[in-house]
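Take a look at the structure below.

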Amino acid sequence: MILLILIYTMNLGFCAEDNRASKVDFYKGAKEFINEINSIISNKEELKKMESDEKYEGKVENIEILEQSNSELSKKSFEDYIQKYPNSSFVPDALYRLSKLYYEETAQRIIKDTENYEKEYQKFLRGETQSLPPEPSTDYSDAIRVLNMLVNNYPNYKYRDESLYLLGYTYFEQGNIEKGIAAYQALISEYPKSDKLSEVYTRLGEHYFDSDDLSKAVYYYSQVLEHPDSPYYENVIYKLAWTYYHKKRIDEASSFFVSLIDYNDKKFGSDYVSSTINEAKNYIAIGYAESPKGIKGAYDFFRKIGGRTYEYEILSKICELYASSDRLKEALTSIAFLFEHYPYNPDTPVIHEKIINSIKPEQNLKLLNTERDKMIKLLEDGSVWREKNKDNTKAIFTAEQIIKRQLIAAAFYHQERGEDKNDRKEYITAAQLYYNFLKKYPMDGLVLGARLNYAKVLFNLKDYDGAIQEFSVVEKHTEDEKIREESGFSLVTSWQNKLKKQFPRKYLTKEIIPMLDENGKLMPVGSLSYNEGVAATACKEYETDNPNGKRIPQVLYVKAELYFRNNMFDEARGVYNEIIGRFPKEKVAVDSVRNMIAMYTYENNYTKIEEWSKKLLASGGMDKNINRDEKEINSLLTGSVFKSAKAMDEEGRFDEAANEYVRLAKQYPKSEYSDAALYNAGLIYEKRGNSSGAIKSYKSMLARYPGSKNTVSALFRLAVNYEQQLDFYHAVLFYNNITKKYWKTAFASDANYNAARISRAFNQYDKAAEHYMAYGALSKNKKERASSLTLSASLYEKAGKYLKALNAYDRYIKENKADLDGVIMSHISRARIYEILRKKNYAYVEYNSVVKRFNASGSPSANAQTVNYNAEARFKMVSELSSKYHSIKVKTTSVKEMKTAYEVKQHLLQKLSDQYLKIINLGSPEWSVASLYMIGLDFQNFADFLYEIPVPKQLNTDDLINEYKSQIQTQALPYEDSAIEYYEKSIAESARLKTLNDWTRKAKSRLTKLKPEQYKESKEEIPVLYPSIDIKVYGFMGK
Amino acid sequence: MKKIYILIIITSLFACSKGVEVVKTQAPQPKVARDIYSVALEHAVAFEKSGFTDQKEYSNAISGFQEVILKDKSNADAWFNIGSLFFCKQDMQRSEEAIKKAIMYRSNFVEAYSLLTKLYLVQGNIQYAMSVAEMANETLPDSDILMNSLAVLYIKSGNLDSAKKMAENIIKKNTKFAPAYVTLGNIYYLNHNYEMARFIYQKAIEQDYVGGDIYTNIGIITSKLDEKGSSLGYFMSAVENSPNNPDVRNNLGEYYLSVGDYEGSLKEFNMALKFNPRMVQALVNTAIAYTRVKLFDEAEQNYKKAMSYDPSFAELYFNYAVFLSDHRGDNTQALSFFNKFILLKGKEISDKHRVYRYIEEINRAKK
C-alpha cells in the first residue's frame, strides 16, 4: 500500500492534493497486475482459466498471503517449465506470468524494504541508531529480462501490449528512461487504440514536464485530450494549465484552468466546490496579478471566452493579491477598476476594506484617510450602493461593520500616534472619531471599548472632567474585570489630575506638602474639599470593585495624599501604614515611608521617624530593590536624625543637638550625613565654647571621611579651635596645610590671615608679612588687598626687610592710585626707609612724590596724617638746603671770601626762614614746632658763623682784636635773640597745639644754654601708663 | 591673726549657705515684689550710666532694693545689687555686708563671690581677696568667673605663672569666656610680650567682650609697638566703653600728658581719682601734670598722697625725686628717692636708665 503511494508520488510527481483522483486510478492499474499475478500463483490448476480475461477481484491482503506461500514455488515451476519445454506454445504465457511474478516479488520486497527503511529511519531520528539506513534499491532486472525475452521472441503474443506497457513501466522504475520511452513508443505505434495509451501519454507528458521539456510535455498531455473519458483527462487539463502557467502564457493557462472548472461544473454541477476549482481560480488570479496585463487582462480574457459567473470572484482576488503583496498602487487601480465595472457589487466594500487595511498609515496617512472617506461615502446612508443592495441584508450588515471598524481603527490609530508623539492634534482627531462613533452607534457592542479609549484620549487632552465621566460609565457597565480595573484606576488618576488642575499651588508640588502658613509652619488639621472627597470615594470604590486589583497600593497612595495635603495626618498615616503593611514590596511603600517621615518632620517628631524607620528596615520589606530602598530609607532615617539635631540646634538645645549629631555619626557611620553631622557637632561645640570637643569632632570627621565635601572647612575650623585652645603650633600647622594644599579654596585667604596674626603675636614679623601678602593676593575685596599691602610693608619694616617693605609700598602705590592718603603714606614710608638705608637721593624722590601728589589732588586731604606727611616731606626737602646752609663757614682771613660767605649765608638764612614759615602754614602741629625750632637753629647758626670768622691778620694788636670781637658780638647778638625768640615760639606753639615732641625738647635744651638764668636743665619724669588689670564686675543682677 | 580672720569669713559664708535650703522651700514671691525689683533695677542702671554720679538714681535704687528685701529678705539678687551700689559709692563696709547676705541666701552665687573678692582687692587687702577666691573656687569648682577672679589675684600678687595656667585652663574649657582672654592678655603684657598680648586681647573682642580695659591695654601696647599717635584711638574707645574705669581714664590722661595737653590730662587723672581715689598711678601722673603747669604745691600733695597709699610704688619715687631736685632743690631727698626707685625696680631697669645719670648729676652738683 505504501509502495503504491510511493510509486504514484514518485512517478507523477504531483504535489497538489487535487491530483488524487488520477493517482487513485493509477494505483488501481498497478493493483490489477498484482491481482492477476496472484490469481495465477494461488492456483496452478487455474492457469488455463487465466488465458481467458478472467479478472481477479481479490484483495491485496490475499495477495500477500499467497505470495508468502507460493511465490518461490511458482517462479521455479515457470523457470523449469521454460527451460524444459522451450518450444512449448505455453512459453509466452509462462514468460508473461513469470515476468509478473518477478515484478511482484520485487514490488513486495520494495514494500518490505521501504517499511524497514521507515522503521530504521525513525530509529535514527530518535537517536537509537547512529547512522542513516541504506535506502531501498529498486531492481526489476528479473522482470525486465523475462519481459524482453517475451517482447523480442514472441512479437505476436496476445498480451504484447500489456508486456510492452510493463516493460516500459519497469524500465522507468529502474531509471532506464530511454528504454522505457522506446517500450512506450512501441506500444503507441503498435497499438494506437490501446486503452493504456492515455496513461502512457500521461506518463510521457509527466516525464517531459519534469525534464522541463514543456513543448513535448504539452504534446503528450494534449494527446490525452483525445480521451475525455480517461481517468487522466482532468489531470492532464490541469497539467496543461500549469505548463502554460509556467511558460507565463497566462491566457492559455487561464483557458485550461477555466476548462478544468467547466469540466468539474459539467461533471458535478456548478455548485460543486473543490480544492481543484478553487486552485484553478486562484491561479488565474495569480497569473493575471503577476502578469503586466493585470486585472484588465483578466477582464478581457473573460470577455473573450464569453464571461463566467465566477469572473468577479477572480477579479476581486487579483485586488486582494495586490493588497496582500504590498502592491498598493495596483491594488488601488484594481479596486477602482472593480468599482468601475461592478459598481454595486455587494462584496466590493469587503475587498476595499482589505486594501485599506493594507495601507500603512505611517506612510500613506493621507491616502488612507482618502480611501476611508471614499468607502464611508460609498456605504453611507442614502448612497446608490446602499440602494442597490438594500435587500441584501448580509451586504448591508457587512458594510455597517466595515464603517464601524474603520472609524474605530482610525480613532485608535490617531490615539496611538498621539501617545507615541504626545501630539495633541492627534488626540483631538482621535477624540472626534470616537465621538462620531459613539454618537452613531450608541448601542453597538464596541461602545464600551470605544468609550474606554475615548476616556483615555480625553485624559491625555487634560479634559479630566470628560475623562472622569467616560471612565465612570465604563467602570460601571463593563463586565470585564480587567477593563473594570483599568477604568477604575484611570478614574482615580483622572481625579488626581483634576485636583492638580483645580488646585495647582496645592497639588503641583515636587513633593507632597501639607498646608503651611506664610512662615512655612504647619496649619491646623483641615478637611477634604468636595472634589477631594469625590476623589477619595473613587479610591474607595476602586478597592471595593477590585478586591484583587493590582493597583490597590497606588490607589491607596493617592487617597493618602489627599489627607496629607489637607493636614489630616492621622488619616494619611492610617492609609500609609496600610500600604506598608499590605504591600511592602511595592515602590509606593517606600514612598509611603518617605511621606510618613515627611509628616513627622512637619511635626518635628524626629524620634518617631527614626524609631519607625528602623523598625521598617528590620522587617526586611522591599526585597526586590532592597539595596536601593534600604539605602533610601537609611538616607531618610539618618536625614531625620540630622534634621532632629539641626532643629535642636535652632531651638538652642545645643548640647542635645551636638550629642544627636555625634550619635548619628557613631550609630550610622556610613550615612551620607555622618560627615556633616560631625562637622555640625564641631560647630556647636565651638558655639558653646568647647573647643576641645570641636577639635575632637573635626578630627574624627577628617579621619573617617577624607573625601567629605566639608574637608577644607573642617580643617579650617580645626585650626581655629586649636588657636582658641592656645595651641598655636597646631593651629599654624593646619592653617599652613590649607594655604598650601587648598590654596584655591575660599578658606585659603582666611587661613593666611589667621596664620599672619599668630606669626605676628610671636614677633615673627617677616612670616606674618608673607601671610598678609598671600591673604591680600587671595582676597577679592579691594580694601582688604590694599590694607594687607600696607600692613605687610610695615611688618617687613619691623623685621628689617626693607627691600620687601619698599616693594610692598610700591605695589600699594601702583594698585591704589585713587587712594591719595594711602599713596602719600606709602611714599613717605618709602622715603623713611631710604633715610634708614642712607639713600638720600631716593628719599628725596619719594618726598617730592608726596608733595606732588598732595598738590595735584587739588583739594588738600582732611586727613591730619596726610597733612603731616606733606609737611614732613617739605620739611625734609628743606633740610637739604639747611644742611648746605649750616656747612657754610669762613676758614680763611680773606675779606673777599668772608664777604661772599656772609652774603650767601645771609641769603640762605632768609630763604630757609621763608620755607620753614611756609611749612608752618601747612597746619601740621609736629612740623610747625619743628620748623620754628629750625628757624631758631638757623639764626643761632648764623650767630655762631659770625663768632667763628677767623680774626683778620691785619688786626695784630689785642685792642684791635678785642674791638673786632666786640663788633662781631654786636653783629651776632640780634641773631642770637632771634634764635631765642624762635625757640621760645617753638615751645609756645607746642603748648598751644598740645604737641610735645622731640623738637620741643630740643628747643628747650637750646634755651637752657642761651638763657640759662631763665631756662634750667630739667629732668624728665616717667608718666605712669598702667594696664587695666582688675576683677571684672558683672553688673547688677536681674537685668 | 589674718588667717583667723579669713577663717571666720569663710566659716560665716558656709554657715550662711546652709540657710539657703530652708529659704528655697518658701512660697513663690508675690508679684508686687518683682515689680518693685524691676523699678529699682532701672534706677541702678541709670545710676551706672551716669558714671555713678546721679545721687537721686542711686537713692531710688537703694530704697527700691531695700523694699524688696523687706518683703523677701532672702532675695539674693537684691542683696547683691545693694552690695554693688554701695561698692560703686565706695561704701565698702556696707557693700561687704550686703554681698555676704547675697552669698548667704544663694550659696552658688559666683558673681557675688567675685565682687566680694574685688572689694577686698580694692581695699588693698589682697590676702583676704585671695582667701575668698580660693574658697569660692573650692566650693564651686569649674566656675569660669571664679577661676578668672583667682587668676587676676595671682597677677596682682605677682604670681604670673599660676595666673597664666589658670587663664589658659579657663579658655581651654570654655573658649567663649572672654574675661579669661583679658586676663591672659594682661599676663603677656606684664611679661612684655606685647604682640601676643594684643593678639589675645583681640580674641576677647572677638568673643564680644565689652569693656574699656581691653582697649586701654591695646592702646598702651600700640603706643609701645607702633606709634604714639595711633594709640589715642584705643584710649578713646576705652573711655567710651568704660567711662567709670579709673585705669582707662589714667591712661588717656597719660597720653594727653605726653603730648603736652596738660589740661586734658589733668581732667582725665581727676576722673580716674574720682572712681578710685587711692589710685597711685593717677596720683603720680597728676603730680607730673601739675609740675608741668607749675602748680608745684599741688604736685607735691599728690606725691605725698600716693606715697601714703602705696609706699612700694617705684615710679612714685623716681618722679618725686625729679620734682624735689628740679623744683624744690632738695637733692638729698631726691637722691634718696632715686635710690629707693632703683631698689624697688631691681633688675627691671638697666644700667643705662636715666636714673643713674640724674644721680650722677646731683652728686656732681653737690661737689
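In this predicted model, chain B and chain A bury about 5800 Å² between them. Carbon and sulfur atoms give 58% of that area. Three residues stand out on the side of chain B: B:Lys118, B:Glu195 and B:Phe199. They supply 11% of the area that chain B buries against chain A, more than any other three residues. Chain B brings 89 residues to the contact, and chain A brings 48 residues.

Now look at the charges and polar atoms. Eight salt bridges cross the interface of chain B and chain A. A salt bridge also joins the side chains of A:Glu1021 and B:Arg292, with N to O at 2.8 Å. Polar contacts between chain B and chain A number 29 residue pairs. Which helix of chain B gives the most to the side that touches chain A? Helix 11, residues 194-206, does, with seven residues. The side of chain B that touches chain A holds 40 nonpolar, 24 polar and 25 charged residues.

Next come the rings. Over all chains, the whole structure has 74 aromatic pairs. One is A:Phe564 with A:Phe569. Their centres are 5.5 Å apart, the planes stand at 85°, and the pair is edge-to-face. Both A:Phe564 and A:Phe569 are buried.

Why is the pair of B:Tyr255 and B:Tyr256 edge-to-face? Their planes meet at 65°, and an angle over 60 counts as edge-to-face. The ring centres lie 6.1 Å apart. B:Tyr255 is buried because its relative accessibility is 9%, under the 20% cut-off. B:Tyr256 is buried too, at 17%.

Finally, A:Tyr103, A:Tyr140, A:Tyr165, A:Tyr169, A:Phe172 and A:Tyr184 form one aromatic cluster.

Terms used
Residues are numbered from 1 along each chain as its sequence is written. Chains are lettered from A and ligands numbered from 1 in the order in which they are written. This is a predicted model: local features need pLDDT of at least 70, side-chain atom pairs count only at pLDDT 80 or more; totals for chains, interfaces and linings use all residues. Side-chain values use heavy atoms; hydrogens and water are left out. Contact means heavy atoms within 4.5 Å. Buried area is the accessible area (1.4 Å probe) that two parts lose on being put together, summed over both. A salt bridge is a side-chain nitrogen of Lys or Arg within 4 Å of a carboxyl oxygen of Asp or Glu. A polar contact is a pair of N or O atoms within 3.5 Å; within protein, one must be able to donate a hydrogen and the other to accept it, and residues adjacent in sequence count only if both atoms are side-chain atoms. Helices (H or I, at least four residues) and strands (E, at least two) are DSSP runs, numbered from the N terminus. Ala, Val, Leu, Ile, Met, Phe, Trp, Tyr, Cys and Pro count as nonpolar, Asp, Glu, Lys and Arg as charged, and the others, Gly among them, as polar. Rings of Phe, Tyr and Trp (its six-membered ring) pair if their centres lie within 6.5 Å; planes under 30 degrees apart count as stacked, over 60 as edge-to-face and the rest as tilted. Buried means under 20% relative accessible area, exposed over 50%, partly exposed in between (1.4 Å probe, protein chains only).
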